[in-house]
Amino acid sequence: MPRNYIARRIAKEFKDGMYVNLGIGIPTESANYIPEGTHVYLQTENGGLMFGPKPKRGETNPDIANAGAEPITMLPGGAVFDVATSFAMIRGGHIDMTVVGALEVDEVGSIASWKIPGKLLTGMGGAMDLLYGCKRVIVAMTHTDKHGNPKIRKNCTLPLTAAGVVDLIITDKAVLRVGEGGLYLEELAPGVTAAEVERLTEGTILNIIEWEHIEIT
Amino acid sequence: MAVQITPEEAVKKIIDKSSVMIGGFLGAAVPLIMLDLIAAAGVKDLTVISIGAGYRGGGVDIGKLVLNKQVIKYVTAHVGTDPNLIKQIVNGEVELELSPMGTFVERVRAGGAGLGAVVTPVGLGTEVEEMAEKIMVDGKPYLLFKPIRADVAVIKAYRSDPLGNLQYQGMSNTNPIMATAADIVIAEVDEMVEVGDIACEDVGTPGIFVDYIVQGHSYEERKNIYEELWIATNKL
């Protein structure tokens with residue numbers, strides 16, 4: 001599975017006119033695949049709306065950067081502002097969609113992404129605000145961890161970043177919707193079977209029976 | 001009303017055990033010269049308050065104070081970018097006070113605006129509940145956080161006039177908020193201009209909040225410093 005598969009699949013979720021905040025890594029890469037004719041307003045939590053690609057050398061502005069303090073450009077029509085205004089957008093429900101990575105997600109849409117006791121200490125940054133305030137939350141991640149263990153759990157085992165907020169999970173194996181009562185399989189990645197997704201997912205997939213007859217092409 | 005002083009004079013306002021707010025965002029729009037001088041002065045047992053621990057890899061922004069072991073407590077939303085700081089936290093050398101980023105910002109704003117608390121739903125259902133008091137408003141649960149203030153705030157702006165009116169360019173990020181929330185506010189600027197050169201509608205922080213202004217690197221110097229950093233870290 002090519003690395004950009006997940007990023008390309010995220011991009012199908014962009015709808016014209018959306019205000020979107022993208023997490024670092026694969027979510028940010030998805031901006032490269034925004035469909036032709038779809039205009040999405042990208043927000044960055046350090047204080048920018050409608051930012052564009054990296055500048056060329058010599059054309060940077062030391063105070064125009066993304067949330068990782070890396071250089072970006074502002075597009076015509078863009079705006080810059082302080083971080084209180086930025087989080088008013090985020091917490092106040094003005095952002096249509098966020099796409100974030102995760103360590104674990106569970107069948108009720110809770111997400112763990114900021115802490116592994118005794119192993120990983122980063123602080124939550126803006127993740128809790130984004131997950132609380134954005135109207136639609138998409139998690140993009142590999143389906144299993146590097147040891148092959150499921151990252152989609154019945155209940156998250158790690159400290160939560162937010163409880164019951166995730167709408168859609170996009171992985172290298174499948175697309176799963178968090179819906180009424182649990183998880184629903186929406187799509188299989190090329191070459192992946194429903195049985196494989198079920199085996200690699202700890203949370204219960206409620207509609208798995210409907211998928212069992214589907215032939216892989 | 002602000003007074004222009006040299007960075008060397010300004011750094012004397014920070015003493016052992018001071019609480020110090022540093023404006024900027026993970027290394028961007030930070031007061032570069034003042035950070036160098038605070039590190040050189042060697043003042044210790046500082047409580048440092050900033051939104052995140054500097055540029056990825058450490059050693060930049062407040063990372064300089066971390067390398068010098070000048071920090072005894074760090075109040076922030078994120079430490080993941082500075083491996084040196086994480087090590088000091090794990091070793092118990094630095095006490096860590098975390099809050100979600102939007103909450104952190106509002107705590108500073110509350111500190112500057114004379115408010116008694118920040119009341120927010122963010123963090124409910126997570127470990128953050130243990131960092132705050134849970135209260136009910138109109139039958140709905142919220143977390144109550146206390147305001148944050150500092151002895152000294154060191155912030156970064158683009159230009160200042162002699163009255164201390166500050167103009168920002170690019171993302172002002174935490175700077176205008178921190179400008180309100182300390183007993184002594186020191187603004188490092190690219191350029192000093194005359195009264196009237198900053199149009200009233202371009203004033204990002206009114207001079208009423210600013211005590212001292214120091215001349216920092218020029219805009220062109222800063223542009224070169226950041227381009228070198230970004231090129232060295234494969235970001236440009």
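1. In this predicted model, the buried residues of α3(A) pack against elements of both chains: β1 (19-22), β2 (41-44) and α4 (127-133) of chain A, together with α5 (101-113) and α6 (175-178) of chain B. The helix itself spans residues 83-91, and its buried residues are Val83(A), Ser86(A), Phe87(A), Met89(A), Ile90(A) and Arg91(A). Just after α3(A), the backbone at Gly93(A) takes a positive phi of about 85°.

2. The contact between the two chains draws 37 residues from chain A and 46 residues from chain B. On the side of chain A that touches chain B, the elements giving two or more residues are α3 and α4 of chain A, and α3(A) gives the most, with five residues. By class, that side of chain A has 18 nonpolar, eleven polar and eight charged residues.

3. As for the overall form of chain A, it has six helices and 14 strands, and its C-alpha atoms fill a box of roughly 55 × 40 × 30 Å along the principal axes. A compact globule of 217 residues would have a radius of gyration near 17 Å, and the 18 Å of chain A agrees with this. Buried residues make up 46% of the 217 residues in chain A, and of the contacts in chain A between residues at least 6 apart in sequence, 60% join residues at least 24 apart.

4. The largest nonpolar core has 133 residues, and those with the most contacts inside it are Ile111(A), Val139(A), Val20(B), Met34(B) and Ala153(B). Strand β9 (residues 150-160) of chain B gives the most to this core, with seven residues. Once its neighbours within four places in sequence are left aside, Ile111(A) is in contact with residues including Ala102(A), Val105(A), Leu131(A), Val139(A) and Leu160(A).

5. Ala29(B), with phi near 50°, lies in the loop between β2 (19-22) and α2 (32-41) of chain B.

6. Asn234(B) has phi near 60° and lies in the segment after α7 (219-232) of chain B. Asn234(B) counts as exposed, because it has 7 other C-beta atoms within 10 Å and the limit for exposed residues is 12 or fewer.

Technical notes: Residues are numbered from 1 along each chain as its sequence is written. Chains are lettered from A and ligands numbered from 1 in the order in which they are written. This is a predicted model: local features need pLDDT of at least 70, side-chain atom pairs count only at pLDDT 80 or more; totals for chains, interfaces and linings use all residues. A residue is buried if 20 or more other C-beta atoms lie within 10 Å of its own, exposed if 12 or fewer, and partly exposed in between; C-beta atoms are placed from the backbone. Helices (H or I, at least four residues) and strands (E, at least two) are DSSP runs, numbered from the N terminus. Two residues are in contact if their C-beta atoms, placed from the backbone, lie within 7 Å. Ala, Val, Leu, Ile, Met, Phe, Trp, Tyr, Cys and Pro count as nonpolar, Asp, Glu, Lys and Arg as charged, and the others, Gly among them, as polar. The radius of gyration is taken over C-alpha atoms; the globule rule is 2.2 Å times the number of residues to the power 0.38. A nonpolar core is a set of buried Ala, Val, Leu, Ile, Met, Phe, Trp, Tyr and Cys residues joined through C-beta atoms within 7 Å.
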